[in-house]
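Trainee: Could you show me how to read the way helices pack, and how a pocket is described?

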Amino acid sequence: MGECSDVSEEKNIAKRVVADIISSPMVVLPFMVGTAAFASLFALGLKGSAFLGAMLIGVGGVLGSGGMFLTKMILGRDERVKKIVEESRDKAKQDKLKQLDHFHHRLTMDGDSRTEDSMQDLRSLRQAFGQLDKIAPDLNRAMIDEIRKRSEELFQQCVSSLEKSLQLWKTADSLASEKARKPILDQREKLVSEVIGTVEHMSQTLAAVQGITNKSDGDARLQQLRGELDQSLEVAKRVEQRVDSLLNEGSLKKLNNFNNTSTE
């Protein structure tokens with residue numbers, strides 16, 4: 001599936017490069033002049049030197065357009081591919097930001113400010129972790145990249161948990177009795193509490209990285225922090241997986257039994 005996707009993406013980029021070059025004024029204008037000259041041969045019935053002049057202009061325009069197209073394909077293709085790839089990445093990034101903005105707004109539905117605040121904190125922390133190489137330029141770059149990667153995974157996990165918490169809230173809100181709502185809201189509370197705890201841990205980790213001043217002990221400290229982030233990620237995944245399994249079973253009775261026997 002991945003190889004097919006890559007091939008499809010390469011074909012799409014190739015098509016965009018060709019379309020971009022064809023639409024270039026330096027390709028379009030000579031072609032238009034040439035075709036206009038050819039059209040005049042038939043429309044005006046030119047003869048003699050006028051016919052020869054129009055023919056030369058037509059051939060020159062078409063050949064010039066074709067030559068410019070080939071030149072741009074040979075000399076400017078790599079630069080155009082780079083530009084298209086960057087534009088695609090920027091668009092994908094903007095689309096993801098819009099999706100996060102929309103989801104952030106949707107969190108207002110549950111009337112629980114903790115979910116909105118957590119989402120805001122997560123986005124701010126994500127931005128800060130993304131700048132760790134600038135915040136701590138003297139530390140081990142490979143280790144910093146690892147911590148940044150773990151923080152991104154935690155961000156995605158927390159967003160997923162917040163989505164589940166909203167889903168649980170909607171389900172509970174649709175039920176008539178308090179007895180039916182309680183087990184679902186209890187599970188939602190587990191997710192929200194886990195997200196809040198993860199946000200706090202991420203904040204502490206960021207502060208710890210910024211506080212490393214001894215370069216000789218920096219690698220060991222960074223490795224420790226990365227391990228702690230790994231543990232947080234595993235715990236967050238387990239909490240969500242348990243909730244997922246209960247939701248998939250679709251049994252409020254089993255959900256309630258889980259609440260009564262869970263020790264976490």
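This is a predicted model: local features need pLDDT of at least 70, side-chain atom pairs count only at pLDDT 80 or more; totals for chains, interfaces and linings use all residues.

Trainee: Let me begin with direction: at what angle do α5 and α7 pack, and how far apart are their axes?

Mentor: The angle is taken between the N-to-C directions of the two helices, and an angle over 145 degrees counts as roughly antiparallel. Here helix α5, residues 113–129, packs against helix α7, residues 141–173, at about 165°, and their axes are 10 Å apart, so α5 and α7 are roughly antiparallel to each other. The crossing of this pair is left-handed.

Trainee: Which residues of α5 and α7 meet?

Mentor: From α5 the list is Thr115, Met119, Leu122, Arg123, Arg126 and Phe129, and these meet Ile147, Arg148, Ser151, Glu152, Phe155, Gln156, Cys158, Val159, Leu162 and Ser165 in α7. Sorted by class, the residues of this contact are 8 nonpolar, 4 polar and 4 charged.

Trainee: And α5 with α8: are they roughly parallel or roughly antiparallel?

Mentor: An angle under 35 degrees counts as roughly parallel. Helix α8 covers residues 178–210, and α5 packs with α8 at an angle of about 30°, the axes again being 10 Å apart, which makes α5 roughly parallel to α8. Here too the crossing is left-handed. Among the residues that make the contact are Leu122, Leu125 and Phe129 of α5, together with Val192, Val195, Ile196 and Val199 of α8, and by class the contact of α5 with α8 has 10 nonpolar, 4 polar and 4 charged residues.

Trainee: How do α7 and α8 cross?

Mentor: The axes of α7 and α8 come within 9 Å and cross at roughly 160°, and therefore α7 and α8 are roughly antiparallel to each other. In this pair α7 passes α8 in a left-handed crossing, and the residues of the contact divide into 15 nonpolar, 6 polar and 3 charged.

Trainee: Which helices supply the lining of the largest pocket?

Mentor: At least two lining residues come from each of α4 (77–106), α5 and α7, with α7 giving the largest share, 6 residues. By class, the lining of the largest pocket has 5 nonpolar, 5 polar and 6 charged residues.

How values were computed
Residues are numbered from 1 along each chain as its sequence is written. Side-chain values use heavy atoms; hydrogens and water are left out. Axes are lines fitted to C-alpha atoms, for helices over the stretch in contact, and angles run from 0 to 180 degrees between N-to-C directions. Helices (H or I, at least four residues) and strands (E, at least two) are DSSP runs, numbered from the N terminus. Angles under 35 degrees count as roughly parallel, over 145 as roughly antiparallel, 65 to 115 as roughly perpendicular and the rest as oblique. A crossing is left-handed if the near helix is turned anticlockwise from the far one by less than a right angle, and right-handed if clockwise. Contact means heavy atoms within 4.5 Å. Ala, Val, Leu, Ile, Met, Phe, Trp, Tyr, Cys and Pro count as nonpolar, Asp, Glu, Lys and Arg as charged, and the others, Gly among them, as polar.
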